[in-house]
Structures are given as C-alpha cells and as structure tokens.
Protein chains: 2
Amino acid sequence: MKKNYVRPLDLRHGSVDLSHGGGGRAMVQLISDVFGKAFDNEWLRQGDDGAVLPAPGPGERLVVATDAHVVSPLFFPGGDIGCLAVHGTVNDVAVMGARPLYLAASFILEEGFPLADLARIVASMAAAAREAGVPVVTGDTKVVEKGKGDGVFITTTGIGALPVGRSLSGANARAGDAVIVSGTLGDHGMAIMAQRENLAFDSEIRSDTAALHGLAAVAMAAAPGLRLLRDPTRGGLAATLNEIAQQSGVGVVLDEAAIPVDPQVAAACEFLGLDPLNIANEGKLIAVCPADEADALVAALRAHPLGARAARVGEAIADDHRFVQMKTAFGGRRMVDWLAGEQLPRIC
Amino acid sequence: MKKNYVRPLDLRHGSVDLSHGGGGRAMVQLISDVFGKAFDNEWLRQGDDGAVLPAPGPGERLVVATDAHVVSPLFFPGGDIGCLAVHGTVNDVAVMGARPLYLAASFILEEGFPLADLARIVASMAAAAREAGVPVVTGDTKVVEKGKGDGVFITTTGIGALPVGRSLSGANARAGDAVIVSGTLGDHGMAIMAQRENLAFDSEIRSDTAALHGLAAVAMAAAPGLRLLRDPTRGGLAATLNEIAQQSGVGVVLDEAAIPVDPQVAAACEFLGLDPLNIANEGKLIAVCPADEADALVAALRAHPLGARAARVGEAIADDHRFVQMKTAFGGRRMVDWLAGEQLPRIC
C-alpha cells in the first residue's frame with residue numbers, strides 16, 4: 001500500500017501546483033502524462049537524468065545553441081510558445097550550417113497555470129519537433145510560486161552536427177558580398193504586437209515561426225561560397241546586420257525598395273511608430289554570399305515554400321566605421337542602427 | 001556618429017531593465033561586459049548564434065542533460081544559484097557515466113534585478129565551471145517585466161561523452177546489489193530551509209553543492225560492475241531510490257543506522273518535521289553495485305575529499321511491489337515513500 005496516492009491529472013480543469021516541481025510522485029506523473037506522451041521517443045524513454053545519444057559522424061563537429069523563450073502572450077496568430085521554442089533553437093543550429101539532431105527542453109511553470117494550456121503548448125512543441133525531425137530527448141520541469149513567473153517559460157537547447165570544413169560565421173562577410181533575405185520582414189513581431197494592442201486588420205497578421213534547416217540546406221547547396229546565414233529574431237534585420245558588420249569589419253548598404261514587407265505589417269508598423277527593420281522574425285534567413293552567387297541563391301530560396309519572397313536587399317561594403325545604412329525610397333541615405341532601448345519586450 | 005549611445009554598465013548600482021533583453025545594443029553590452037568577461041573561452045568568443053565544438057571521440061556517444069534552476073533564495077550558505085546551475089547539470093551528465101565537456105547557459109532576468117547580484121552570480125558560475133573544467137560555450141539572455149519572474153532563473157544544458165559499452169542506468173539494479181551513498185544526506189535542502197526559516201544553529205548548515213564527475217570517475221574505477229550512479233536532488237534519497245526501484249523492478253531495504261546525516265541537519269529536520277531522506281542534496285552520489293564490490297567502492301569514495309563519509313546503506317531485494325523500506329534504529333521496518341505533495345519548493 002503506497003500511502004501518498006496521487007489523483008489522475010485533470011487535464012481539462014486542473015492547474016499546475018508546487019508539487020509538480022517537487023521531485024516526488026506528482027512530478028513524475030506530470031512528466032509521464034504530459035511530456036512523455038507528447039514527445040515520446042526512444043531517448044526520452046531511457047528515463048535517466050540525461051539522454052545517451054549517438055554522436056555526430058566522423059568528420060563532423062558539434063554545434064550547440066540555447067534559447068530561453070518568454071514570449072507574451074503565450075498563444076498568438078500563427079503559433080505559440082511551444083512551436084516557437086522548437087523553431088527558435090532549431091534555427092540557431094541551422095544558421096551555423098549544421099544539421100539539427102536533438103533538442104533538450106526545460107520548463108519553468110507558474111503555480112496555477114492551467115494544465116490544459118500546458119498540454120496544448122506541449123502538443124504544439126511536439127508537432128513542431130516531429131515536423132522538423134528533431135526529437136526532444138531530455139527535459140526538466142520546475143514550478144515557481146504564483147506571481148514569481150508568467151505561465152510558462154521554455155528553454156530549449158539544440159545539438160547539431162556540422163561537417164568539418166564548413167564554416168558559416170557572422171565574421172565571414174566581405175566587401176562586395178550580396179545581402180539576401182528569405183522573405184518579408186517583421187511578421188512575427190507584429191503578430192505579437194497586433195495581439196497585444198488589439199489592432200484589427202482586414203486579415204490577421206500571422207507569425208512566420210518556422211523551422212529553417214531545410215531552407216538553410218537549400219541556401220548552402222545553391223551558393224557554394226555562402227559566407228553566413230543568420231535568423232533575424234530580436235532586434236530584427238537591423239540588429240543582425242549591425243552584428244555582422246561588427247564581426248566582419250564591413251559596412252552594409254541596404255536598398256529600401258528591395259526589402260519585402262507585408263502591406264499589413266507595414267501599416268501596423270506605421271500605426272505604432274515602429275520600423276520593420278527592428279522587428280523580430282522567426283521564420284526568415286539572412287544570407288550573405290559572393291555577389292556572383294546571389295542570383296542563384298535567390299532563385300533557389302524562391303523555389304522553397306519558406307522562401308517564396310526572397311530578395312537581394314543590399315551589399316556589404318568596405319567601411320571602417322562598420323555602419324549599416326539604407327538607400328531610402330526617396331533617394332536619400334539613412335543610418336540603420338540597432339536600438340539602444342527596448343522596443344518590443346518578450347517577443348520571443 | 002551612432003545615435004543610440006549606451007552608457008557603460010553600472011555594475012555597482014545599476015539594475016536589469018527590459019532593454020537588456022531586447023536584442024539591441026544594451027543586450028550586447030550586458031552579454032559582453034558581464035557574461036563574456038566571466039566565462040571567456042574560445043567557443044564563446046566565436047560570437048555566433050551557437051558554438052561549434054569538437055565532437056566526442058570515436059567510440060563515444062553523446063550525453064545531454066538539462067536543468068532549470070529556480071532556487072530561492074539566490075544566495076545561501078555554501079553556494080548560490082550560479083554555482084548550483086553548473087554543479088546540477090555537470091552532475092546529471094556525470095551520473096550517466098559520461099565525461100562532461102560543455103555547458104550552455106540561458107538566463108531569464110527580472111527587470112530591476114541588481115546588476116551587482118547578477119555579476120556575483122555569474123562570477124560564481126564561472127568559477128564553478130573553471131573548477132569543474134567544463135566551459136560555458138554558448139548562452140542566451142531574456143528579460144521579463146518586474147513581477148513576472150524572480151530575480152534570475154538559470155537553465156543549463158550539459159553535453160558529455162560516454163564510452164561505448166559503458167551503461168549506467170536506473171534500470172540496472174538487481175536483487176542482492178549494495179546501495180551506497182557518498183556522504184551525509186540533506187545538507188543542501190536544509191541549508192536553504194534554515195535560511196528561509198531563519199533557524200540559528202551553533203554552526204551554519206552549508207549546502208553540499210559540488211561537481212561530482214571526479215567522484216563518479218573514482219566510483220567507476222573502483223567498482224567495475226557498477227550498475228548505476230544517481231545524484232539525489234529534489235525528493236532526496238527517498239525519491240531517487242523509488243525511481244530506481246521502479247525502473248529496475250526491484251525493492252530496496254535501507255538500514256537507518258547506516259545512513260549518514262549531519263547532527264545539525266538532523267536537528268533542523270526534527271525541528272521542521274522533515275525527513276532527511278526526502279531532502280535535496282547537490283553534492284552526493286548514490287551508487288548501486290554488486291555486493292562483492294561494495295567494500296572497495298566505499299573505501300575508494302572515502303579516499304576522495306567529496307566522499308569522506310561514504311557508507312553502504314542498504315541493498316536491493318527481489319520485490320514485485322518495488323517498495324523502498326527501511327529497517328529503523330528501533331528494529332522495525334517502515335516504508336520510504338516518495339512524497340506526493342511539495343515539501344520544499346524551489347530548492348534547486
């Protein structure tokens with residue numbers, strides 16, 4: 001007779017309590033009923049403190065990336081924190097040129113969080129992991145008191161394999177290189193903002209959240225001289241290009257007319273006084289490649305469902321100041337700085 | 001002229017604000033001045049979205065473990081959330097029998113958190129990582145609004161290398177095996193509780209937080225037939241042995257008189273109505289090995305500074321009920337159940 005009987009989880013009306021993080025029976029039950037069922041795979045079923053996994057093959061190096069996800073609201077048009085936590089980390093691995101192999105997931109739950117919402121988030125995460133072909137192989141759950149968290153935070157860590165000899169890095173851009181984006185900018189950030197601000201448009205602005213390792217593979221195949229890939233999340237294209245400029249010691253000049261922005265995103269940005277170049281994306285690549293490979297790269301991206309609106313948007317130039325500038329639609333030039341302050345908190 | 005000038009971080013009087021998570025210049029500055037300086041190593045200096053790392057050698061598999069750390073208070077006798085976040089994950093890798101190679105670290109900061117406290121935590125983390133020989137190779141920082149977090153949460157993910165052919169697992173225990181602990185139980189949990197409850201003792205109860213991969217290597221060398229190692233964190237020895245009993249399909253009988261407990265920890269437990277067997281440890285191993293290797297294993301552990309009070313505390317038995325029981329000091333027997341409720345929230 002076990003004396004501490006635990007009632008079955010009420011996934012419809014129940015909520016997280018502190019016992020679900022306590023290391024006892026309730027935690028084991030939550031892990032088994034919610035996480036174990038959704039993520040089920042041979043590694044997770046090992047049931048130990050960590051997962052034992054095949055290492056990358058000979059001639060491959062490891063890539064490791066980690067990301068905490070604190071997006072608010074948890075559910076938004078086009079996605080939720082669950083699929084975002086998969087895509088965000090898969091993409092960090094993919095832009096290194098690596099093949100994503102495994103994900104680890106760690107949850108910080110707030111006491112009182114509805115189990116139904118947790119199950120919905122975990123199901124979305126599991127679907128995203130399945131679709132990306134990257135299993136969640138190990139995890140952790142902690143619970144904090146009501147008012148000490150915000151529903152759920154999810155940290156994912158991605159492990160990938162990178163062939164020896166392939167090196168994509170923010171430090172590789174050279175003067176004369178082409179700068180390419182794989183599609184419209186600002187969709188994710190404006191989907192979140194539109195929901196927060198209750199903005200109504202003719203049709204909903206949806207997050208572009210997606211796993212990009214397939215598109216990254218297309219880019220690498222189409223442009224053998226590819227310098228680097230990045231996913232312009234927090235801080236948007238502006239922050240990412242400024243980072244690249246700093247790392248590579250070059251300047252960048254963008255062509256405003258060439259930058260794809262969805263008309264509704266543009267309208268929402270104008271309404272809120274925001275610049276699409278500063279807004280987070282969760283399903284877009286930035287590629288820098290030699291100028292003579294740019295056309296092939298854009299064509300290849302456009303042939304992929306996630307790159308239909310790919311465009312060449314600028315070039316790297318010699319500039320000791322490492323400035324990012326933009327030729328405006330009116331024929332002038334302006335600085336494209338990264339922001340000093342916080343424009344969009346908790347966007348991912 | 002860059003227009004968004006960022007003032008130098010005031011590490012003495014400043015505090016975290018939302019801009020430090022925004023993907024812009026303030027975030028880059030925080031990462032560079034606080035995290036980059038403390039953790040400095042060649043992998044982190046790559047400065048990309050993830051780290052490129054040598055893979056485990058031929059004949060080795062990967063081990064991945066992840067843990068969110070939400071301990072409250074953040075600073076406690078014997079340690080803080082920083083070193084705990086290193087030790088906890090290094091230990092999860094070590095108990096798999098693996099050699100810990102790398103750590104990824106992800107921070108969720110609450111707006112208003114003092115930068116001085118953050119710097120102190122990061123310094124402690126960096127020192128623990130250096131001492132353990134496991135570099136922090138990549139990381140992430142997010143900031144949530146005041147009241148939506150609790151100072152700082154740290155999720156660490158550990159990557160290790162496990163020789164092919166070595167298999168330590170909670171499923172390996174067999175009837176007749178010896179159960180060994182590497183030292184006194186309950187120190188970490190009671191250090192936290194004593195601080196929370198303002199209990200005063202003759203001398204301070206200190207957390208046992210420590211990296212255990214050295215001690216684990218000693219155990220593997222001393223007991224070639226070693227079945228498994230575990231670190232009894234949340235839920236303490238009781239939860240860990242119940243998990244092992246479930247995974248292995250055995251029962252366990254403990255000998256109360258043999259279980260090492262510090263007298264002050266025992267006194268604090270009695271005062272608070274807690275059982276040391278349920279209290280978290282952060283620097284102790286549980287080992288299960290064939291009975292005829294137990295003496296050699298205990299002797300080897302005792303020769304290591306972290307195992308001075310190692311003891312053989314029980315045995316695995318054939319039991320279809322998979323019960324964990326204890327022969328009490330009074331000659332009776334009692335069940336050692338894992339707890340259904342939450343006894344000690346946010347202990348790690």
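Let's start at a helix pair in chain B. Leu215(B), Val218(B), Ala219(B) and Ala222(B) in α5(B) meet Ala296(B), Leu297(B), Ala300(B) and Leu301(B) in α8(B); contact means heavy atoms within 4.5 Å. By class, that contact of α5(B) with α8(B) has eight nonpolar residues, no polar and no charged ones. Nonpolar covers Ala, Val, Leu, Ile, Met, Phe, Trp, Tyr, Cys and Pro; charged is Asp, Glu, Lys and Arg; the others, Gly among them, are polar.

A word on the source. This is a predicted model, where local features need pLDDT of at least 70 and side-chain atom pairs count only at pLDDT 80 or more, while totals for chains, interfaces and linings use all residues. Residues are numbered from 1 along each chain as its sequence is written, chains are lettered from A in the order written, and side-chain values use heavy atoms, without hydrogens or water.

Now the geometry. Helix α5 (residues 213–222) and helix α8 (residues 294–302) of chain B pack at about 150 degrees, axes 9 Å apart. Axes are lines fitted to C-alpha atoms over the stretch in contact, with angles from 0 to 180 degrees between N-to-C directions. Helices are DSSP runs of H or I, at least four residues; strands are E, at least two. So α5(B) is roughly antiparallel to α8(B), a label for angles over 145 degrees.

On to chain A. Its domain 1 is 52–163 and its domain 2 is 178–335, with bounds from an automatic or database assignment. Their centres, over C-alpha atoms, lie 24 Å apart. The contact takes 21 residues from domain 1 of chain A and 21 residues from domain 2 of chain A.

Key. Parallel < 35°, antiparallel > 145°, perpendicular 65-115°, else oblique.
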